[in-house]
Amino acid sequence: MFRIHLLLCSLVLLWGIVVSGCSSLGPGATVQRFYRAVESGEVKAASEMISGSVVSMMGSKKLEAALQSETAKISRKGGIQSIELLSEEIDGQTAEVRVRVTYGNGETDEQNVNLTRIDGRWMITPKGK
């Protein structure tokens with residue numbers, strides 16, 4: 001369970017709106033939408049923002065379970081109060097985004113999220129993929 005959480009945190013933690021025409025979202029906006037989708041329990045939407053290499057590595061059932069676990073964790077922390085974009089570095093087809101998530105209970109969590117542009121969409125990927 002910890003490994004799944006660690007993997008999601010390292011990924012972190014393009015959904016219907018993106019798929020339906022907002023594919024010009026930058027990497028930072030993609031990360032924010034990912035967190036919001038996970039927060040609201042929209043597991044399918046969140047998983048669509050994760051690269052196929054992660055899905056292949058984890059398997060779709062484990063990924064779904066990990067996302068549901070993250071949804072429950074966020075709920076226990078009082079939801080997400082804010083997602084602050086600390087930095088966004090784009091290098092061609094890859095990007096690294098640093099965010100600070102503040103939860104309703106006052107806890108904060110800072111994460112680096114790696115993304116790759118795949119078919120015009122920013123997708124969350126493991127570092128170096």
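Q: Which residue in S2 is the bridge partner of Ser 87?
A: The bridge partner of Ser 87 in S2 is Arg 98. This is a predicted model in which local features need pLDDT of at least 70 and side-chain atom pairs count only at pLDDT 80 or more, while totals for chains, interfaces and linings use all residues. Residues are numbered from 1 along each chain as its sequence is written, and side-chain values use heavy atoms, with hydrogens and water left out.

Q: How many bridges join S1 to S2?
A: S1 and S2 run antiparallel and are joined by 10 bridges, where strands (E, at least two residues) and helices (H or I, at least four) are DSSP runs numbered from the N terminus, and two strands pair if DSSP finds at least two bridges between them. The two strands form a hairpin with 2 residues between them, and Gly 92 in that turn has a positive phi of about 70°.

Q: And what about S2 and S3, how many bridges there?
A: S2 and S3 pair in the antiparallel sense over 9 bridges, one of which has Thr 108 in S3 as the partner of Thr 102. Their hairpin has 4 residues between the strands, with Gly 106 in the turn at a positive phi of about 95°.

Q: Is S4 mostly covered or mostly open?
A: Strand S4 (residues 121-125) is mostly covered, with 4 of its 5 residues buried, that is, under 20% relative accessible area with a 1.4 Å probe and protein chains only. S4 pairs with S3 (residues 108-118) in the antiparallel sense over 5 bridges, and Trp 122 in S4 is the bridge partner of Arg 117.

Q: Switching to helices, at what angle do H3 and H6 pack?
A: Helix H3 (residues 27-39) and helix H6 (residues 60-76) pack at about 80°, with axes 8 Å apart, the axes being lines fitted to C-alpha atoms over the stretch in contact and the angles running from 0 to 180 degrees between N-to-C directions. The two helices are therefore roughly perpendicular to each other, a label that covers 65 to 115 degrees.

Q: Which residues make that contact?
A: From H3 they are Phe 34, Val 38 and Glu 39, and from H6 they are Leu 67, Glu 70, Thr 71 and Ile 74, with contact meaning heavy atoms within 4.5 Å.

Q: What does Ile 80 contact, neighbours within four places in sequence aside?
A: Ile 80 is in contact with Tyr 35, Arg 36, Glu 39, Ile 74, Val 101, Thr 102 and Tyr 103.

Conventions: Parallel < 35°, antiparallel > 145°, perpendicular 65-115°, else oblique. Buried < 20%, exposed > 50% of the residue type's maximum accessible area, 1.4 Å probe, protein only.
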